[in-house]
Amino acid sequence: MLAMLPCVLVACSPTVTIAPSDKPITINMNIKIEHEISVKVDKALENVLSEDSGLF
């Protein structure tokens, strides 16, 4: 009787199977990228780059 106990326990063990899905994997990515560029100009440099300076 004790000799059959391991066989019975092995026979009752659950089986796990992994099956691939038949549907394709869909990844929805809604990406919104915003950027802001801040330029700080010194007053002296601002005067040099002004329209009245004749540089441009």
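**View 1. I33 sits in the loop between α1 (5–11) and α2 (43–48).** This is a predicted model; local features need pLDDT of at least 70, side-chain atom pairs count only at pLDDT 80 or more, and totals for chains, interfaces and linings use all residues. Residues are numbered from 1 along each chain, and side-chain values use heavy atoms, without hydrogens or water. The protein has two helices and zero strands (DSSP runs: H or I of at least four residues, E of at least two, numbered from the N terminus). I33 counts as exposed because its relative accessibility is 71% (exposed is over 50%, buried under 20%, partly exposed in between; 1.4 Å probe, protein chains only).

**View 2. A nonpolar surface patch includes I33.** Its members are I25, I27, M29, I31 and I33, with about 670 Å² of accessible area together (Shrake-Rupley, 1.4 Å probe). Patch residues have over 30% relative accessible area and no salt bridge; nonpolar side chains are joined within 5 Å, like charges within 9 Å.

**View 3. E34 forms a salt bridge with K32.** The closest N and O atoms are 3.2 Å apart (cut-off: Lys or Arg side-chain nitrogen within 4 Å of an Asp or Glu carboxyl oxygen). Both residues, E34 and K32, are exposed. The whole structure holds one salt bridge.
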